[in-house]
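Thank you for sending this model; the numbered points below are meant to be read slowly, with the structure open beside them.

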Amino acid sequence: MMATPTSIEPPPERRPRRSRTRTALALGMAGLLASAGVTALTGTAEAASTLGAAAAEKGRYFGAAVAANHLGEAPYASTLNTEFNSVTPENEMKWDATERTRGSFTFGSADQIVNHAQSRGMKVRGHTLVWHSQLPSWVAGLGTADLRSAMNNHITQVMQRYKGKIHSWDVVNEAFQDGNSGARRSSPFQDKLGNGFIEEAFRTARAADPAAKLCYNDYNTDGVNAKSNAVYNLVRDFKSRGVPIDCVGFQSHFNSASPVPSDYQANLQRFAALGVDVQITELDIEGSGTAQANNYGNVVRACLAVSRCTGITVWGVTDKYSWRASGTPLLFDGNYAKKPAYGAVLSALGGSQRRLYGDVQQGRGVE
Ligand code: G3I
């Protein structure tokens, strides 16, 4: 387990004189506490004790995907508000939520999330503008010219609604196939507009909100493989031709069939070297206990090791509402208790969980 800047000393005025044995015991306990990401307050400089604050000290954000219909659940909202400093609407900004009928835009649920975040000083990631999934059936029924105009209008209307309020937008999501082909995925956009649809979407997005960072976002691109190579080539081409692109999102949905790749950091780094930011956009790792915690810690350390890795978003607040709930992939369990993975993330970010001196004396401390 990783080291942490943990202090377990009581305040100087209450510090007893120690024998060597007691000091050794204290150091042993310090290791245990450090490995759990726990600290006692001492009156000296405090390590950050929430994910958002710890990430901010590293110049990053730490966000969660949120669902508008859970914001009224007190522990959901308080966990979100306490721990995270960025949010991504999990479904509320998608095409089927914002333009279910052509030309008729509905922003109620997305507004709810944006207002919640803005009133609490949290950032917002926009997700997502052009995606083959959660796409109303009318889009697939359009002819080429109509589809082009519908895509550009959708991007423009949604981005202008939130102009100045979104730090990064997933402009195009999941446009490449899985497997070894490196080919584009079939979709109404690909099939009717051809390879140029991604470039067109990014140019339209830049015009709609010039201040927002424009990201390409995908899954199974977390290590070096045929799919990530295809995305890499797209980004390199865009950068060489001046097509606007600012960031690449790595969804990072991991489980035993799709573990954290050993070249994760190297892959993030090679994209960053192209001159774009990289963001971990939908992180979740199935499992439990120490194994899950170690994987989370490794992902966070990989991001911190890449200077252009600007933030991490976990794909949900609690296991209770995860899209993979049975795999318990998040940092808070179904009762909003912090899991070992939470301690590993906080510790990797350089933070530590707060314990009062009284707790220390009650047996969770050193003396
Ligand atoms: O909106 C309907 C609602 O009206 C209905 O009552 C309810 C009944 O089940 O279904 C609702 O839609 C569901 C929607 O989530 C909102 O809850 C869909 O059935 C369900 O399929 C949808 O799942 C979302 C999934 O994307 C769809 O592709 C997940 O919540 C969401 O976590 C997931 O997120 C995606 C990212 O956007 C892109 N990357 C992969 C990631 C995980 O699949």
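1. A cavity is a set of grid points where a 1.4 Å probe fits but cannot get out. In this predicted model, a search of the whole structure finds two cavities of 30 Å³ or more, and the largest cavity holds about 70 Å³ of space.

2. The lining of the largest cavity includes Val 130, Trp 131 and His 132, the run Val 172, Asn 173, Glu 174 and Ala 175, and, among others, Arg 185 and Phe 197.

3. A nitrogen atom of the ligand is 2.7 Å from a side-chain N or O atom of Glu 282, and a polar side-chain atom of Glu 174 lies 2.9 Å from a ligand nitrogen atom. For Gln 134, a polar side-chain atom lies 3.3 Å from an oxygen atom of the ligand.

4. In soluble globular proteins, nonpolar side chains tend to be buried together. Here the largest nonpolar core has 94 residues, and Phe 62, Val 172 and Leu 331 have the most contacts inside it. Leaving aside neighbours within four places in sequence, Phe 62 is in contact with residues including Leu 51, Phe 84, Ile 312, Leu 331 and Leu 349.

Notes: Residues numbered from 1 in each chain as written. Predicted model: local features only at pLDDT ≥ 70, side-chain atom pairs only at ≥ 80, totals over all residues. Heavy atoms only, no water. Core = buried A, V, L, I, M, F, W, Y, C linked by side-chain atoms within 4.5 Å. Buried < 20%, exposed > 50% of the residue type's maximum accessible area, 1.4 Å probe, protein only. Contact = heavy atoms within 4.5 Å. Polar contact = N/O pair within 3.5 Å; in protein donor to acceptor, adjacent residues only side chain to side chain. 1 Å grid on protein atoms, 1.4 Å probe; cavity = no way out; pocket = protein on both sides within 12 Å on 5 of 7 lines; lining within 4 Å. Points joined across faces, edges and corners; volume = space filled by probe spheres on them.
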